[in-house]
Structure formats: C-alpha cells, structure tokens
Amino acid sequence: MTELLSTETVTSFLLVYAALFSIVNPLSGAPVFLSLTRRYPPRVRDALAGRIAVNGFLLLLGSLFVGSHVLEFFGLTLPVVRVAGGLVVTSAGWTLLNQEEDSEAPPPAQTAGGKEPDAFYPLTLPLTVGPGSITVAITLGSQRPQAASGISDLAWIASGAVAGLVAISLTIYVCYRFAGHLDRVLGKTGTNVLLRLSAFILVCIGIQICWTGVSDLLRSLHA
C-alpha cells in the first residue's frame with residue numbers, strides 16, 4: 001500500500017510539473033522579464049525574481065486546491081475564464097511586441113516615487129502565471145485521483161502536487177534570476193529579437209486560449 005501511494009505521489013508530481021511547465025514556460029518568459037526590468041539594478045531584479053516565484057507558487061496553489069470552488073461560487077465556467085484571460089494575455093503580448101526598443105518610458109511594473117516595481121502585476125499575472133496556467137491548475141485540482149480512498153491517501157497525492165508547484169517556482173526563479181546573462185550571451189540585437197519572438201508567441205498563446213474558450217461556449221450553445 002505504501003509503495004502504491006509513493007508511486008501515486010511521484011505520478012502526481014510529474015503530472016503537475018509537466019502540465020504546467022509547458023504553459024508557464026519560464027524559458028521564454030525570461031527575456032520578457034528582462035525587458036520589463038532592464039532599467040533596474042541587478043539587486044532589484046534578483047529580488048523581483050524571488051517574489052515572482054513565490055507569487056506564482058501561491059497563485060497556482062490556490063488555483064489547484066480552491067480554484068474550482070471559487071468559480072462555482074461566482075457562477076463562472078472555465079470557458080469564460082479562458083476567454084477573459086486570453087484577451088488579457090493577448091493585450092500584454094501586443095504591448096510588448098510594439099514596445100519601442102530605446103523607449104525612455106518606465107517599464108509597466110514601475111511605480112511612482114522611486115519605489116520598487118510591483119512583482120504581481122504584470123510580472124506574475126498574466127506574464128508568468130497566466131489564464132492558461134490557472135485553467136490547467138484548476139482542471140488538475142478538480143479531478144479526484146482514482147487511487148485515493150481516504151484523507152491520508154489524498155494527503156500523499158496532494159504532497160506530490162505541491163512538490164510539483166515548488167519545482168515550477170524554482171524553475172521560474174532560476175530562469176528569471178539569470179535572465180541578465182542573455183545580454184552578455186546574445187547581445188542587444190539578439191536579446192531584442194528573442195524578446196519580439198517571445199512577445200509574438202505570447203500573443204498567439206492568448207488568441208489560442210481565447211479561441212478555446214469561445215469554441216467551448218459555442219459547443220455548449222449548440223448542445
């Protein structure tokens with residue numbers, strides 16, 4: 001029995017990490033993070049990377065365990081969340097895609113009065129943990145594992161899921177913490193090209209998320 005639970009815990013870890021890694025994709029998010037924080041000193045960027053990782057973990061943790069209940073309380077459905085979130089991601093990606101390379105304007109995350117930038121919006125939500133990630137986390141959390149027959153079984157499986165979220169957060173931190181190395185490796189031109197590609201992919205992801213939600217809504221109307 002213990003061996004079965006251990007296997008289910010590992011499976012839960014791999015499922016959560018693999019499902020969220022492809023959506024969060026911190027590797028492509030690193031140049032976006034660097035672009036929005038380029039004018040801040042390395043000390044501030046390092047602290048931001050840590051806060052974004054923590055914020056992302058808490059946001060995904062809440063989505064995994066209580067997300068479905070929150071949607072039910074407000075009478076919302078996953079397709080509606082996909083449509084609204086897809087529009088937000090598309091807007092953020094479009095803004096980055098059209099951002100002037102040498103613009104002197106402060107990055108969107110900067111606040112007035114010399115304060116450090118806000119680590120939650122837009123750096124955590126929606127640029128790092130967007131509606132796609134939240135939807136996946138809610139979907140994973142709403143599925144009861146077949147091997148779970150009691151509270152203790154659920155606790156073991158939940159621990160694997162939480163470990164997967166911790167691994168995702170650590171991956172985000174490492175990618176963002178060392179995003180500054182992109183300038184030294186790729187140079188200014190190469191970094192700008194990578195940023196534009198990442199922004200375009202972000203727009204495509206937003207449209208795909210929105211279209212998935214619209215398709216689900218249309219199918220529900222047809223049914």
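Asn-25 sits in the loop between α1 and α2. Helices here are DSSP runs of H or I with at least four residues, strands are runs of E with at least two, and both are numbered from the N terminus. This is a predicted model, in which local features need pLDDT of at least 70 and side-chain atom pairs count only at pLDDT 80 or more, while totals for chains, interfaces and linings use all residues. Residues are numbered from 1 along each chain as its sequence is written, and side-chain values use heavy atoms, with hydrogens and water left out.

What makes Asn-25 worth a look is its phi, which is positive at about 45° even though the residue is not a glycine. For context, most residues other than glycine have a negative phi, and most peptide bonds are trans. Asn-25 has a relative accessible area of 27%, so it counts as partly exposed; the scale runs from buried (under 20%) through partly exposed to exposed (over 50%), using a 1.4 Å probe and protein chains only.

## Two cis prolines

The loop between α4 and α5 holds Pro-122, and Pro-126 is found in the loop between α4 and α5 too. The peptide bond from Tyr-121 to Pro-122 is cis, with omega near 5°. The bond from Leu-125 to Pro-126 is also cis, with omega near 10°.

## Salt bridges

You'll find three salt bridges in the structure. The criterion is a side-chain nitrogen of Lys or Arg within 4 Å of a carboxyl oxygen of Asp or Glu. In general, side chains of opposite charge can pair when their charged atoms come close.

Start with Arg-177 and Asp-46, whose closest N and O atoms are 3.5 Å apart. Arg-177 belongs to helix α6 (residues 151-177) and Asp-46 to helix α3 (residues 42-74), so this bridge ties together parts 131 residues apart in sequence. Arg-177 is partly exposed at 29% relative accessible area, and Asp-46 is partly exposed at 23%.

Asp-216 pairs with Arg-82, with 3.1 Å between the closest N and O atoms. This pair links distant parts of the chain, with Asp-216 in helix α7 (residues 181-222) and Arg-82 in helix α4 (residues 78-97), 134 residues apart. Both Asp-216 and Arg-82 are buried; for Arg-82 the relative accessibility is 18%. Leaving aside residues up to four places away in sequence, Arg-82 touches Thr-135, Ile-209, Cys-210, Thr-212, Gly-213 and Asp-216, where contact means heavy atoms within 4.5 Å.

Asp-216 has another partner in Arg-219, and here the closest N and O atoms are 2.3 Å apart. Both residues lie in helix α7, three residues apart, or about one turn of the helix. Arg-219 is exposed, with a relative accessible area of 53%.

## Cavities

There are two cavities of 30 Å³ or more. A cavity is a set of points, on a 1 Å grid over the protein atoms alone, where a 1.4 Å probe fits but cannot get out, and lining residues have an atom within 4 Å of a point. Grid points are joined across faces, edges and corners, and a volume is the space filled by probe spheres set on the points.

The largest cavity has a volume of about 230 Å³. Its lining takes in 19 residues, and Ile-23, Val-24, Leu-127, Leu-202 and Ile-205 lie nearest the centre. The elements giving two or more residues to this lining are α1, α2 (26-37), α5 (131-141) and α7, with α7 supplying the largest share, five residues. The lining of the largest cavity splits into eleven nonpolar, eight polar and no charged residues. For that count, Ala, Val, Leu, Ile, Met, Phe, Trp, Tyr, Cys and Pro are nonpolar, Asp, Glu, Lys and Arg are charged, and the others, Gly among them, are polar.

The second largest cavity holds about 50 Å³ of space. Gly-29, Val-32, Phe-33, Leu-123, Leu-127, Thr-128 and Tyr-176 line it, and α2 gives the most to this lining, with three residues. By class, the second largest cavity is lined by five nonpolar, two polar and no charged residues.

## Thr-11 in α1

Last stop: Thr-11, in helix α1 (residues 2-24). At 41% relative accessibility, Thr-11 is partly exposed.

Technical notes:
On a 1 Å grid over the protein atoms alone, a cavity is a set of points where a 1.4 Å probe fits but cannot get out, and a pocket is an open set with protein on both sides within 12 Å along at least five of seven lines; lining residues have an atom within 4 Å of a point.
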